[in-house]
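Subject: Two-chain model for you

Hi,

Here is the model I promised to pass on. Please open it alongside this email, and my notes on it follow just below.

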Amino acid sequence: MNLPFGWLQFAQNRFKRQQKPPDGRRKTPFWSWVWFIGGTLYLALPLLATFSFSLQMKRDTISLQAYKSAFADPAFINSFLFSIGLATVTIIASIALIVPTAYWIRLRLPQARRTVEFITLLPFVIPAIILVFGLIRIYSQPLSIPFTSLSMGQSLTNSKYGTLILIVAGYMVLGLPYMYRSIDTGMRTVDVRTLTEAAQSLGANWYTIMTRVILPNLRTALLSGALLTFAIVVGEVVLASYLGVAAFGPYLFLLGQHRAFEPAALTFATFLLTWIAMGIIQLVTGGQGQTTGAH
Amino acid sequence: MAYLKISNVSKQFGENAVVQDFNLDVEKGEFVSFLGPSGCGKTTTLRMVAGFERPTEGQIIINDKEVTNVPPNQRKVGMVFQAYALFPNMTVNDNIGFGMKIARKPADEIKNRVEEMLKLINMEKYGTRYPYQLSGGQQQRVALARALALSPQVLLLDEPLSALDAKIRVSLRSEIRAIQQRLGITTVYVTHDQEEALSISDRIAVMYQGKIEQVGTPFEIYNFPQTAFVAKFVGTLNTISAEVVDVNNRILKIDGFQLETAENLDGRANGDKVTIAIRPERLNFIAQERKANVMDTRIENISFLGSVVRIQVSVGSNRFYMDTFNNPFLELPKIGSTDQMTCSREAVLVLKD
């Protein structure tokens, strides 16, 4: 009779925890509020200060002049669109690489999961500056085939497309922890292994399973990973600066060296853009992802 | 030839032999259950029939065609999983019609078949719902309909009721059996629940440590277990060590009491040790004078199990369970009192070594 008794005790304890004190008021979790307010101020104040500062370009008046000025600069539009392009390519390449990898690990190589997870965490401990110097050192020479004297064409850093390939690869590395974890968690949530087998028993081949079963059920995970990768790419400075790519990050950095109000306006606009993207994700994915039954 | 033939199939994961020399013939339209504890290899065997695992040795034949190395998507085998495995992004209609869409069937045919399947599982009004809007039992019925929609050669069910609560389990298992009989589809069902296997199967293969212990009808498995494992695993059974006293007259001895068995003791010699088994419901207290199979007992404990009252008695150093139907007017013996217990000679089973 352990089970019902244990359940009863659990229910009683829960009830006790939920009970109000004898005077009828809930106890105020004082320290919780202190930490909450402190945390909110810590995060919100700099943002509010930046926003306030960005509105004061015209002396003694509140205006959106800094925003107008920043958005009017063709270098802003060019660098921003260029970064969006880079982010898009990075996201597509990351999905193309990580979805099959995570899928195969879940399906056939679960013993490799720890090793792969460790690799995906490396960008957290290896700074971007190390990554970019490593890329430059290796790819500033013509590509050679290891253990042979064969080499191919010119170095990647000496060509425009070669540099773009390098920077996208670098961004893929930087976004790896976020993208891999999002996708892996998504796959765990929908139990891809059983879904794959169910689809196979119904006659589906790998392409059909991927496109009609796995990817549609990873929509939330893919969007989350894509958003985080987008945020990283758009704000990234080190890789773009050292590889000499005219991206949005270095543009914002340089702007901050010479101007005061425009960088503040662009920083706030970037935050706003991120929030909008998060809101869109919430809207698009709302109500999805429930796999358990309604009892 | 059998419709589904599993011949000499073994499966090894590294050093671990999960299934060993598995042989079973399943006839067309038959409902066979693999019954056994966790890790006995029953699910692995089912997965080999489905094509998700490849046997290390042996062959699998379905409808006279060898499918041992045929990929799962070409086997024409329907599978129902423990975790339902409905596609969360698709409605009930889309889930059921998925296999037919893959097979590029015309839209009209798919629509009609989906409606037919929904009718079969009594869920005509649920076609536009998503899996998360259904209860566990409903999801599993949809999974069954999805597996049946393509009219598979063999239907495989991997513990389909394990995730459901007790009442739904009982009603759904009857529903599965009724549908199977109506369609006459060859079915292999995996379960660790003996009651489930006994109630719905034509035959049961009891498995232990990767091997088949016994194959038989539910009646045979329950009443005539051939090994100590089957005896212990299926139902409650008293298993006691006994000594052969008289091979010719089939007389055994436990703790000074002689028991007569109906079983043949060929191959045994007087003085041999054997394991005997007696079902609790085959034991009863003596109502009138008897000469054979009488044992002096002491009442140790009495448990009320609803429809049955289980009495634990000791015979010398051995303990027995005795079951009797609950009756509000039944006078139960007192704990600590003594009585005499008996059973028929047919109730004394001698298990294989």
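First, the housekeeping. This is a predicted model, in which local features need pLDDT of at least 70 and side-chain atom pairs count only at pLDDT 80 or more, while totals for chains, interfaces and linings use all residues. Residues are numbered from 1 along each chain as its sequence is written, and chains are lettered from A and ligands numbered from 1 in the order in which they are written.

**Chain A**

Chain A has 13 helices and two strands; helices (H or I, at least four residues) and strands (E, at least two) are DSSP runs, numbered from the N terminus. Of its 295 residues, 28% are buried, where buried means 20 or more other C-beta atoms within 10 Å of the residue's own, exposed means 12 or fewer, partly exposed is in between, and C-beta atoms are placed from the backbone. Among contacts in chain A with a separation of 6 or more, 73% join residues 24 or more positions apart; a contact means that two C-beta atoms, placed from the backbone, lie within 7 Å.

The buried residues of α4(A) include A:Phe80, A:Leu86, A:Ile91, A:Ile98 and A:Tyr103. The buried residues of this helix pack against α7 (160-190), α8 (192-201), α9 (206-217), α10 (219-235) and α12 (248-258) of chain A.

**Where the chains meet**

In the interface, 21 residues of chain A are in contact with 25 residues of chain B. On the chain A side, α8 and α9 each supply at least two residues, and α8(A) gives the most, with six. By class, that side has eight nonpolar, eleven polar and two charged residues. Here Ala, Val, Leu, Ile, Met, Phe, Trp, Tyr, Cys and Pro count as nonpolar, Asp, Glu, Lys and Arg as charged, and the others, Gly among them, as polar.

The largest nonpolar core has 148 residues, and the members that touch the most others include A:Ile183, B:Val49 and B:Val188. Its largest share, 13 residues, comes from α7(A). A nonpolar core is a set of buried Ala, Val, Leu, Ile, Met, Phe, Trp, Tyr and Cys residues joined through C-beta atoms within 7 Å.

**Chain B**

Six strands of chain B form an open sheet with mixed pairing, in the order β6-β7-β8-β3-β9-β10. Its edge strands are β6 (77-80) and β10 (211-216), each of which pairs on one side only. The twist from one strand to the next averages 20°. Two strands pair if DSSP finds at least two bridges between them.

Strand β7(B) is mostly covered, with five of its five residues buried. B:Val154, B:Leu156 and B:Asp158 point one way from this strand, and B:Leu155 and B:Leu157 the other way. β7(B) runs parallel to β6(B), joined by four bridges, and B:Gly78 has B:Leu155 as its bridge partner. With β8(B), β7(B) pairs in the parallel sense over five bridges, and B:Asp158 stands opposite B:Val190.

Next along, β3 (residues 31-35) and β8 (residues 186-191) of chain B run parallel and are joined by five bridges; B:Leu35 stands opposite B:Thr191 there. Leaving aside neighbours within four places in sequence, B:Val188 is in contact with B:Val26, B:Val32, B:Phe34, B:Leu46, B:Val49, B:Val154 and B:Leu156.

Helix α4 of chain B (residues 136-149) lies across β6 and β7 (154-158), running at about 175° to β6(B). For such angles, axes are lines fitted to C-alpha atoms, for helices over the stretch in contact, and angles run from 0 to 180 degrees between N-to-C directions.

There is also a hairpin to look at. Strands β1 (residues 4-13) and β2 (residues 16-26) of chain B run antiparallel and are joined by seven bridges, with B:Phe13 bridged to B:Asn16. The hairpin has two residues between the strands, and B:Gly14 takes a positive phi near 65°.

Best wishes
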